[in-house]
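Have a look at the display, then read on.

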Amino acid sequence: LIVVIGGIVVYNTFIKQDNSIEAIQDRVDSLYTSAKKEDIKSGVSVRDLDKYYLDLNDAQEKGEDTSAISTELDTIGYFISDKEMLTEYDSEDYDLTSSGLQDSLNSIKENSETYTVPGLAVTISDLCTKVNGDYETFIALRSEMQGITDATSFDEEGYKARIANVRHKPNQQELNAIYDNIVADKQAAEAEQALKDAATEEAQEQAQKALEEAQKAQQETQQKLEEAEKKLQEKANDAKEGISDVIDNI
């Protein structure tokens, strides 16, 4: 009997989980990376939150008000799911032209406005702004390059540097394909002008040869551009399906 009583005392003192509101709050607080509550520790998943909800159920059965912590856990769950998607969008391998990206960003940002933890809301909002900024920068540069009508004045070095600043590799590859196509057009235009300016028969022959080579390069770069755009579209469609699967599983 003494051993049994002693075991119960040890269990209640050292082993049994303290499910008071204060103790549960302390355990929930430990999920954050800092006291500012701006992020959740790496490795914490939505499923890990189940045990905290169970603790709250025990506390609720004892008459404790668990609504505040329960709402905080809901926010943490939303944050984990939203950040997982945004991290995918922010990765270098993600194609910013993937169908549904803008709708998803808007949805996540609206969802973050319902968070009850301000620090987590700011983190998600900043990530949305960052990804959207990358998207707008890429779209603006692509539209600018596609709108170039006079290839002879194309600033090769300037655009090369701007393209290098695009972090997302699929989009950088598309810009490089457009860049190569414009450079080929520029070289063809210069070769054509050189042919017109050739004063001797020998110069004309050399200029004609250079023009033919430039026109061949034009065709090749145009074909590569079309192939690159086709591949990007296929990847974008795959990414769209992936986003749908993630959303369905949330």
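Predicted model: local features only at pLDDT ≥ 70, side-chain atom pairs only at ≥ 80, totals over all residues.

1. A word on the chain as a whole. Of its 250 residues, 34% are buried. The chain exposes about 15300 Å², and carbon and sulfur atoms supply 48% of that area. Among contacts with a separation of 6 or more, 69% come from residues 24 or more positions apart.

2. Now for the helix pairs. In general, two packed helices are described by the angle between their axes and the distance between the axes. Start with helix H4, residues 67–90, and helix H5, residues 101–112: they pack at an angle of about 150°, and their axes are 11 Å apart. An angle over 145 degrees counts as roughly antiparallel, and H4 and H5 are therefore roughly antiparallel to each other. Their crossing is left-handed.

3. Which residues bring H4 and H5 together? On the H4 side they are Tyr78, Asp82, Met85, Leu86 and Tyr89, and these meet Leu101, Ser104, Leu105, Ile108 and Asn111 in H5. By class, the contact of H4 with H5 holds seven nonpolar residues, two polar and one charged.

4. H5 also packs with helix H6, residues 118–146: the axes of H5 and H6 come within 9 Å and cross at roughly 160°. That angle makes H5 roughly antiparallel to H6. The crossing of H5 and H6 is left-handed.

5. The H5 side of this second contact consists of Leu101, Gln102, Leu105, Ile108, Lys109 and Ser112. From H6 come Ala121, Ile124, Ser125, Cys128, Thr129, Val131, Asn132 and Tyr135. Sorted by class, the contact of H5 with H6 has eight nonpolar, five polar and one charged residues. If you compare the two lists, you will find Leu101, Leu105 and Ile108 of H5 in the contact with H4 and again in the contact with H6.

6. Finally, do stop at Lys37, in the loop between helix H2 (21–29) and helix H3 (50–61). What is the phi of Lys37? It is near 55°, a positive value in a residue other than glycine. Is Lys37 buried or partly exposed? With a relative accessible area of 23%, Lys37 is partly exposed.

Note on methods:
Residues numbered from 1 in each chain as written. Heavy atoms only, no water. Buried < 20%, exposed > 50% of the residue type's maximum accessible area, 1.4 Å probe, protein only. Contact = heavy atoms within 4.5 Å. Areas by Shrake-Rupley, 256 points an atom, 1.4 Å probe, with all protein chains shown as cover. Axes fitted to C-alpha atoms, helices over the stretch in contact; angles between N-to-C directions. Helix = DSSP H or I, 4+ residues; strand = E, 2+ residues; numbered from the N terminus. Parallel < 35°, antiparallel > 145°, perpendicular 65-115°, else oblique. Left-handed = near helix turned anticlockwise from the far one by under 90°. Nonpolar A, V, L, I, M, F, W, Y, C, P; charged D, E, K, R; others polar.
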